[in-house]
Amino acid sequence: MWIVPGRIEVLGKHVDYAGGRSLLCTVERGIVIVARRRDDRQVVLRDARRREAMALSLDSTARGSIPWAIYPRTVINRLVRNFGASMQGADVALASNLPPAAGVSSSSALTVGLTLAFTALNALDTHPLFQEALPDRAALAGYVGALENGMNFGVLTGEKGVGTMGGAQDQTAILCSERTRLEQFSWAPVHFERTVTWPATHTFVVGVSGVVAAKTGAAKERYNRAARTAHRLVAAWNATTTTPVHTLRDAFFAATGDEPLVEIPDSLRAAAERAADAEFSAGHLVGRLGQFFDETFVIVPQAADALQREDFTEFGRLVDKSQAGAERALENQIAETVHLQRYARELGATAASAFGAGFGGAVWAMVPTVDAERFAAKWRERYLRVHHSASHRSLFFTTSPSPPAFELLDD
């Protein structure tokens, strides 16, 4: 049995696939997965809450008829590809109290949980390739991120993913967080930077907007556009140099050489402007460059410093700056998430921000613990006065930074 939490992206909006920085934690909600090994090569999955079931074969690439079948199918295909055909099937049952498609990483929690289950049932951690490529949880998180986006991970070759061009932020939060802590990571590859103590006086209240943050169809293309913008900026820089880089972070460092990175280099800005075309205007590319710079090199490290010294005013100011950057440059905010963030601040939240992929989803608010329930009720009431059509899908809950995914062993 495994308990796999969702996560809050406190800061670090759309930066993981570009090598940026994030500040993360898990929530006190998640997925429970129970699994047992079978003697054949069938995988039977049952969702106890949805009352849905599906059967998948380890020898077939068929996706399954249920919409969320893409996630177990992707996990199975990748593990078989990387660790051989000796895997056995499994009976898997799961139940979740994570709101789906709400920005709290319910889909990544599922892929992480299934990866942990199939790894344990088939003793994949004894495989030489597993031991070489995945020596610790940070590496495993990077691998599950690559599993989802379909990319290679070191010696472990890629397989068709779930269709989104994400990084490893969600998987790392789910696997590597600690209770009562926020974790700061940099990306591509996954690199732990530091832990920040969450103040015992405060609690997160999460407001789920009720607007589904889907990653399929047209919504997937909007999500991937943010990633493609970062990739275009890397390509724009590489067109100016004989020493190509792989991430937007690396482009910043290459553009400054040995100089301290205190602002956007003129050469990188000029490269972005020259790369403009009908799909990405110069203003959009330069705006995205500024959002990545602010989030990675200013907001995340300074906000972590402010929180560590319990300077909540400064922390709130920096979080507001992050929210403004998302609204201005990421094109992923909607009226519901913008209003949730504004209402939270007007009601006295220490800090508040939309998080996750965007185009719907949720907003976190940091509030004094003694006021959390009262605040949540007032926040919900104010939100639903304006967005009453979301009443049957919205959700407001309190949480604190929680443990990572873990296995429960039956003695």
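The following legends describe close-up views of a predicted model.

**View 1. The two domains of the chain.**
The domain assignment divides the chain into domain 1, made of residues 2-198 together with 403-407, and domain 2, made of residues 202-399. Between the C-alpha centres of domain 1 and domain 2 the distance is 23 Å. Contacts across the boundary involve 39 residues of domain 1 and 55 residues of domain 2.

**View 2. The area buried between the domains.**
Domain 1 and domain 2 bury about 3,800 Å² between them, and carbon and sulfur atoms account for 65% of this area. Three residues, Lys 13, His 14 and Trp 198, supply 20% of the area that domain 1 buries against domain 2, more than any other three residues.

**View 3. Polar and charged pairs across the interface.**
Between domain 1 and domain 2 there is one salt bridge. Arg 194 pairs with Asp 305 in a salt bridge whose closest N and O atoms are 2.8 Å apart. Polar contacts across the interface of domain 1 and domain 2 number 23 residue pairs, with both residues of each pair at pLDDT 80 or more. On the side of domain 1 that touches domain 2, the elements giving two or more residues are strand 1 (2-11), strand 2 (21-37), strand 6 (181-186) and strand 7 (191-197). Strand 2 gives the most to this side, with seven residues. By class, the side of domain 1 that touches domain 2 holds 19 nonpolar, 13 polar and seven charged residues.

**View 4. A salt bridge between Asp 91 and Arg 38.**
The count of salt bridges in the model comes to 21. One of them joins Asp 91 to Arg 38, with the closest N and O atoms 2.8 Å apart. Asp 91 belongs to strand 5 (residues 90-96) and Arg 38 to the loop between strand 2 and strand 3 (42-47), so the pair ties together parts that are 53 residues apart in sequence. Side chains of opposite charge can pair when their charged atoms come close.

**View 5. The spans annotated in UniProt.**
In an unreviewed entry, UniProt lists residues 2-37 as "domain: Galactokinase N-terminal". Residues 2-37 are 0% helix and 75% strand, and the end C-alpha atoms of the span lie 14 Å apart. For residues 73-126 the unreviewed UniProt entry gives "domain: GHMP kinase N-terminal". The chain over residues 73-126 is 50% helix and 13% strand, with its end C-alpha atoms 23 Å apart. The annotation "domain: GHMP kinase C-terminal", also from an unreviewed UniProt entry, covers residues 304-383. Over residues 304-383 the composition is 60% helix and 15% strand, and the end C-alpha atoms are separated by 29 Å.

Pro 189 sits in the loop between strand 6 and strand 7. Strand 6 (181-186) and strand 7 (191-197) are among the elements that give two or more residues to the side of domain 1 that touches domain 2.

**View 6. The backbone at Ala 123.**
Although Ala 123 is not a glycine, this residue has a positive phi of about 50°. Ala 123 is located in the loop between helix 2 (106-121) and helix 3 (128-133).

Notes:
Residues are numbered from 1 along each chain as its sequence is written. This is a predicted model: local features need pLDDT of at least 70, side-chain atom pairs count only at pLDDT 80 or more; totals for chains, interfaces and linings use all residues. Side-chain values use heavy atoms; hydrogens and water are left out. Domain bounds come from an automatic or database domain assignment. Contact means heavy atoms within 4.5 Å. Buried area is the accessible area (1.4 Å probe) that two parts lose on being put together, summed over both. A salt bridge is a side-chain nitrogen of Lys or Arg within 4 Å of a carboxyl oxygen of Asp or Glu. A polar contact is a pair of N or O atoms within 3.5 Å; within protein, one must be able to donate a hydrogen and the other to accept it, and residues adjacent in sequence count only if both atoms are side-chain atoms. Helices (H or I, at least four residues) and strands (E, at least two) are DSSP runs, numbered from the N terminus. Ala, Val, Leu, Ile, Met, Phe, Trp, Tyr, Cys and Pro count as nonpolar, Asp, Glu, Lys and Arg as charged, and the others, Gly among them, as polar. UniProt positions are given in the numbering used here, feature names are shortened, and annotations may be inferred rather than shown by experiment.
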